[in-house]
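Please read them alongside the coordinates.

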Amino acid sequence: MLTVAGSVLALLAVVEWASHLDYSLGILYVVPIMIAGTVFTRIQVVMAAVFCAWLRGQFGPPVLPIEFGLRFLMATLAYSAAGLLVVEMTRNRRTVLAHYAQLKLEKELRMKAEAQLKTLADSSPAAIVTLNREVKVLAANRAAADMFGFDGLAEMQEASLEQMVPLLANALAVSPNMRHLRTSASTWAKRKDGSHFPLTTWFSTYGEGAERCLAAILVDTSEEVREREREHFRHLLDYNRLLAGAVSHEIRNLCSAITVVSSNLARNPGVQGDADFQALTTLVEGLSRLASFELGKREESAIGAVDVRTVLDQLRVVIEPD
């Protein structure tokens, strides 16, 4: 731009010097000033205006010094005004372009972050939902639709979870005056088909008044509950087997003692042929076999190698509070 401005200025000077016109081309000197104003600062524009005003005066007809001074001053003011106008227009344009570039960059970053968050939410095995004040779904991922039995995200959109997860509805109802509510809870939820399932949720509220919303992460803990109950059942069976074994052991001891007494009585000729004595002996033998039946049904559970560090870490979690 400075090369173009200098070329135009030189061309004007050459034309005026070679043509010896009776009139001045001073109005055209504003062109190089305006071209240079796109890259000059304010001070540089004023200095260029002073130079153009002086150069213009060199090719005019002879005049009095006072008239030359007035023309020089007026030309300087005109050229400076035009150049400063271009400077401000250029500066404003650069500012707008910089803001536009910044907004474009922020938009691209925001869209990239939103795409990453959307991918994270869609691929999450845990259900993620956002509810408004009426407990209607504002946004949800695919795992949430599958958890509650909806055919897809479109069907779940704007659906109400007030009856499906009463805990979340209560959280929105009891916290209108609380600034923030962040907590976790375990509860029971209901699917679209009416079936119930255990649910663990982490949720928080945000917004004020009619704009109050709730964001929650939901996890179906049915499998954990089943595993826990199976483990409790196995423990109950072990305890019952242990109790039955203890009782059977005591019965076997009593049967052994009765057998010894019966053997001693059998040496008595008068008692050996008695039918009641024979029946008593048969009952004792049957009771002894019944008490020993549990020994043959015992199954040893498979024992595998375990990591002692893992066991100690789990033990620490259990006993640490105490």
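**Notes on the predicted model**

1. Threonine 38 lies in the loop between α2 and α3, where helices (H or I, at least four residues) and strands (E, at least two) are DSSP runs, numbered from the N terminus. The model is a predicted one, in which local features need pLDDT of at least 70 and side-chain atom pairs count only at pLDDT 80 or more, while totals for chains, interfaces and linings use all residues. Residues are numbered from 1 along each chain as its sequence is written, and side-chain values use heavy atoms, with hydrogens and water left out.

2. Threonine 38 counts as partly exposed because its relative accessibility is 22%; here buried means under 20% relative accessible area, exposed over 50%, and partly exposed in between (1.4 Å probe, protein chains only). Leaving aside residues up to four places away in sequence, threonine 38 touches Met1, Val86, Thr90 and Arg94, a contact being heavy atoms within 4.5 Å. The C-alpha atoms of threonine 38 and valine 86 are separated by 6.3 Å, although the two residues are 48 residues apart along the chain.

3. Helix α4 has 59 residues, and its first and last C-alpha atoms are 85 Å apart, close to the 87 Å expected at 1.5 Å a residue; the expected span of a helix is 1.5 Å times one less than its number of residues. Its buried residues are Ala75, Thr76, Tyr79, Ser80, Ala82, Gly83, Val86, Val87 and Thr90, and the buried residues of α4 pack against α2 and α3.

4. Leucine 84, also placed in helix α4, is partly exposed, with a relative accessible area of 30%. Not counting residues up to four places away in sequence, leucine 84 touches Arg42 and Val45. From leucine 84 to serine 186 the distance is 70 Å, C-alpha to C-alpha, with the pair 102 residues apart in sequence.

5. In helix α1 (residues 2–19), the 18 residues should span 26 Å at 1.5 Å a residue, and the end C-alpha atoms are 26 Å apart, which agrees. Buried in α1 are Ala5, Leu9, Leu12, Ala13 and Glu16. They cover an arc of only 95° around the axis, so they lie on the same side of α1, the arc being that of the directions from the helix axis to the C-beta atoms. These buried residues of α1 pack against α2 (30–36) and α3 (42–57), whereas the face turned away from the buried side carries the exposed residues Thr3, Leu11 and Ala18.

6. The largest pocket holds about 230 Å³ of space. A pocket is an open set of points on a 1 Å grid over the protein atoms alone, where a 1.4 Å probe fits, with protein on both sides within 12 Å along at least five of seven lines, and lining residues have an atom within 4 Å of a point. Two or more lining residues come from each of α4 (65–123), β1 (127–131) and β2 (137–140), and α4 gives the most, with five residues.

7. Valine 135 sits in the loop between β1 and β2 and counts as buried, since its relative accessibility is 5%. Its phi is positive, about 60°, although valine 135 is not a glycine. Most residues other than glycine have a negative phi.

Key: Points joined across faces, edges and corners; volume = space filled by probe spheres on them.
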